[in-house]
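Hello,

Here is the structure for you to look through. Please open it next to this email and follow along. My notes come after it.

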Amino acid sequence: MPFSKTERAFAKLNLTLDVTARRPDGYHDLCMVMQTVELWDTITLRETGNGVMRIHTDVPYLPDDHKNLAAVAAMRYFEAAALPFPGLEIQIQKQIPVCAGMGGGSSDGAAVLRALNAQYGALSLRQLQQVGESIGSDVPYCICGGTVLAEGKGERLRPLPSLPPCFFVICKPKFSISTPTLFSKLRVDKIRCRPDTAGILAALEAGDLEGVARRVYNVFESFLEPKRQEELAHIRAVMIDSGALGVSMSGTGPTMFGLYAARQEAETAFQILKKQYADCFFTRSV
Ligand code: C5P
């Protein structure tokens, strides 16, 4: 029986993002506390038996060929598992904003790896993460998700105590950022302020939501152009005014998130921001 499977590809937020060094291979060493949130793309895989890879997405400007990370993930899976490629149709319904710092593409790739391994069972989790690493730096994290400390390029993962229950308002400004471009602008020796990673880890251990929220921080924010920082400052102000315990940018941005203990306060920020921004969400941690 040809298989058909639907999988949720969850978005991530960076509660913290620090860049500690530039590596000889051109990548950077990172130190980030990652958190999965209840916002997802829906990925449906269907085995066709015709040996052809087909990608369908509901976002016209996303690649619908072998360049899509979902297609890359599928091909790498069959290679690593030494299985013949049967032909696949992959349908991607996007909800996670694109080029937003929320790991949407990586999560789609990770969901494909999870779905294929659930079907064929050919790889261990470690092997699946190694395949993920060859696709993108956030893919190993996205395979399992949760509250995690990610280091190295993003592939060294340590599960952390879950974030205490809380609400997130997520808002993508009206511009997009290319990850390689922002990395190329970053100068590690010019980073003046860094996240308190030890402090946020201790707060997570203690189940101290306010302690976590006070320490959300992303070194990339200060490398954005002043005009763009102004837009982020506006979103931050709305979130803080409504009672956010902490606000930061996720990944290489530009999506901003506010973390709230109280549903009503999050709802207030969401109602204001959604009138101004198309990509605005009210959600929770997974
Ligand atoms: O691994 P991924 O394809 O997601 O990375 C996209 C780009 O981000 C890389 O080409 C690189 O420029 C930059 N990057 C980096 N250091 C990392 C992760 C990504 O410099 N740890």
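Start at Lys153: one of its polar backbone atoms is 3.1 Å from a nitrogen atom of the ligand. Keep in mind that this is a predicted model. In Ser137, an N or O atom of the side chain is 2.6 Å from a ligand oxygen. In His28, an N or O atom of the side chain is 2.7 Å from an oxygen atom of the ligand.

How much of the ligand does the protein bury? Taken alone, the ligand exposes 460 Å². The protein buries 75% of that. The ligand sits in the largest pocket.

Now look at the shell. Around the ligand you will find Gly26, Tyr27, His28, Leu30, Gly136, Ser137, Lys153, Thr179, Pro180 and Phe183. They divide into 4 nonpolar, 5 polar and 1 charged. Strand E2 (28–47) and helix H5 (179–185) are the elements that give two or more residues to this shell. Which element gives the largest share? That is H5, with 3 residues.

Why does the ligand lie between two domains? Domain 1 (4–159) gives residues to the shell, and domain 2 (167–284) does too, so the ligand lies between them.

Two backbone details are left. First, some background. Most peptide bonds are trans, and most residues other than glycine have a negative phi. Now see what happens here.

- Gly253 and Pro254 are joined by a cis peptide bond, with omega about 5°. Look for Pro254 in the loop between strand E9 (246–249) and strand E10 (256–260).
- Ala82 is not a glycine, yet its phi is positive, about 55°. Its place is the loop between helix H1 (69–80) and strand E4 (88–93).

Best wishes

Terms used
Residues numbered from 1 in each chain as written. Predicted model: local features only at pLDDT ≥ 70, side-chain atom pairs only at ≥ 80, totals over all residues. Heavy atoms only, no water. Near = heavy atom within 4 Å. Polar contact = N/O pair within 3.5 Å; in protein donor to acceptor, adjacent residues only side chain to side chain. Areas by Shrake-Rupley, 256 points an atom, 1.4 Å probe, with all protein chains shown as cover. 1 Å grid on protein atoms, 1.4 Å probe; cavity = no way out; pocket = protein on both sides within 12 Å on 5 of 7 lines; lining within 4 Å. Sits in = over half its atoms within 2 Å of the grid points. Helix = DSSP H or I, 4+ residues; strand = E, 2+ residues; numbered from the N terminus. Nonpolar A, V, L, I, M, F, W, Y, C, P; charged D, E, K, R; others polar. Domains from an automatic or database assignment.
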